[in-house]
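Dear colleague,

I am handing over the structure below, and after it you will find what was found there. Please read the notes alongside the coordinates.

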Amino acid sequence: MLREPLLLLSRSQQVKKLVSTMPVSAGIVRSYVPGESTGSAVDATAELVDKGLSVTLDFLGEDTLDAAQADATVTAYLELLQQLAARGLARSAEVSVKLSAIGQALPDSGHKTALENARTICRAARNAGTTVTLDMEDHTTTDSTLSILRELRKDFPETGAVLQAYLHRTEADCRALAYEGSRVRLCKGAYNEPESVAYQDTIDVDRSYVRCLKILLAGQGYPMIATHDPRMVEIASSLAARYGREQGTYEFQMLYGIRPEEQARLAASGETMRVYLPYGEEWYGYLMRRLAERPQNLSFFVKSLISKK
Ligand SMILES: Cc1cc2nc3c(=O)[nH]c(=O)nc-3n(C[C@H](O)[C@H](O)[C@H](O)COP(=O)(O)OP(=O)(O)OC[C@H]3O[C@@H](n4cnc5c(N)ncnc54)[C@H](O)[C@@H]3O)c2cc1C
C-alpha cells in the first residue's frame, strides 16, 4: 500500500532537500549506503572481497539535468576505477552506471551525451581490468538504454545490461540478449510503472521473473540473477542445474546490507555472489526505492530523520 507514495516521493525535490540534511551515518541510510566518499566505498569493497564476495559499485545520482553534473559523475567513476585498480580490486569489483546520471535526460543531446560519457567510463574500466553494467531506470528510458548498450558493445562487448521482469516487453528482450558473452542482470524492477507497460501484481512479476530466468539460463549468455527473494534464488539454482550450467557461468547479485547471511551462504557454496554497493551524497532516490520495497523499515527511517543523528 505504501509502495506507490514512497516511489512518488523518491522523485520529489522538496522532500529530497529535507531528507538530505540527514548525515549518511544515520542508522537506516548507513545500512544501505556504506559511505559518501570514494575512499569509503573502496574500503567497503575490500572488506567484501576479503569475505569472498564480488562487488559492483554505483556512484549515486540520477535524473541529471545539468551537463556539468554529468561530467562530475564521469570524473567520479574515473577516480573510482583508478582506485580499484591501485588497490588490486578490479578483478572482483566492477561498476554500475545509471545513464540518467551521465546526461541521458539532458534536453536535445541527452542520448548522445550519455553514450559518449558511457564510452569514456567503459574505456577506463577496460584499462583498469574490469567492466561496466548499465543500470535500467524507468520504462521511458528502456529503448534509449538498450540502444546505447548495442553501440557500446561494438567496442566493449563485456558491457552488462539490466532487464526488469515487471515489464511486459522483458521476455522478448531476454531472448534478444541471451547470446554468447552477453552479461544480463535480471531484476524485478524498482520504479512506479503504469499498467500499460508493467505487471502490477507481485505474483505476475514473479511468474515473469521465472520465465525470463529460463530464457537466460537456457541461453548462451552470462545471467546475473539479482534478487533477495528466497523463492527466486531457489528456482534459479534448480534451473541452473536443469540447464547444465556450472558455477561461474552465471552469478547471483544482491544489494549491500540486504540478506548478508544469504550472500555469505551462496558464496560459501561456490557461487559467484556480487554485492551492489552504492555510495555518494545522492542517496535519497536509492533509499526511497529500498523503503518502498520494505515499508517495515519506514519507522526506523522516520526516527533517524527526527533525531538527525
Ligand atoms: C544487484 C541488484 C541490482 C539492481 N539493479 C536494478 C536496476 O538496474 N533497475 C531496477 O529497476 N532495479 C534494480 N534492482 C532492484 C530490483 O528491481 C528490486 O526492486 C529489488 O531487488 C527488490 O526485489 P527482490 O527481487 O529482492 O524481491 P522482493 O519481491 O522485493 O522481495 C522478496 C523477498 O526478498 C526478501 N527481501 C527483500 N528485501 C529485503 C530486505 N530489505 N531485507 C530482508 N529481506 C528482504 C524478503 O524475503 C522478501 O519477501 C536491483 C537489485 C539488485 C539486487
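**Helix packing and ligand surroundings**

Helix H8 (residues 170-177) and helix H9 (residues 202-218) have axes that come within 9 Å and cross at roughly 10°, where axes are lines fitted to C-alpha atoms, for helices over the stretch in contact, and angles run from 0 to 180 degrees between N-to-C directions. H8 and H9 are therefore roughly parallel to each other, a term used for angles under 35 degrees. In H8, Thr 170, Glu 171, Cys 174 and Arg 175 meet Arg 211, Cys 212, Ile 215 and Leu 216 of H9, contact being heavy atoms within 4.5 Å.

This is a predicted model, in which local features need pLDDT of at least 70 and side-chain atom pairs count only at pLDDT 80 or more, while totals for chains, interfaces and linings use all residues. Residues are numbered from 1 along each chain as its sequence is written, and side-chain values use heavy atoms, with hydrogens and water left out.

Helix H4 (residues 38-50) packs against helix H5 (residues 67-86) at an angle of about 40°, with the axes 10 Å apart. Thr 38, Gly 39, Val 42 and Thr 45 in H4 meet Glu 79, Leu 80, Gln 83 and Leu 84 in H5.

As for the ligand, 25 residues lie around it, of which Met 136, Gly 189, Thr 227, His 228 and Glu 293 come nearest; a residue counts here if one of its heavy atoms lies within 4 Å. An N or O atom in the side chain of Gln 164 is 2.9 Å from a ligand oxygen atom, and a backbone N or O atom of Ala 190 lies 3.0 Å from an oxygen atom of the ligand.

Conventions. Helices (H or I, at least four residues) and strands (E, at least two) are DSSP runs, numbered from the N terminus. A polar contact is a pair of N or O atoms within 3.5 Å; within protein, one must be able to donate a hydrogen and the other to accept it, and residues adjacent in sequence count only if both atoms are side-chain atoms. Angles under 35 degrees count as roughly parallel, over 145 as roughly antiparallel, 65 to 115 as roughly perpendicular and the rest as oblique.
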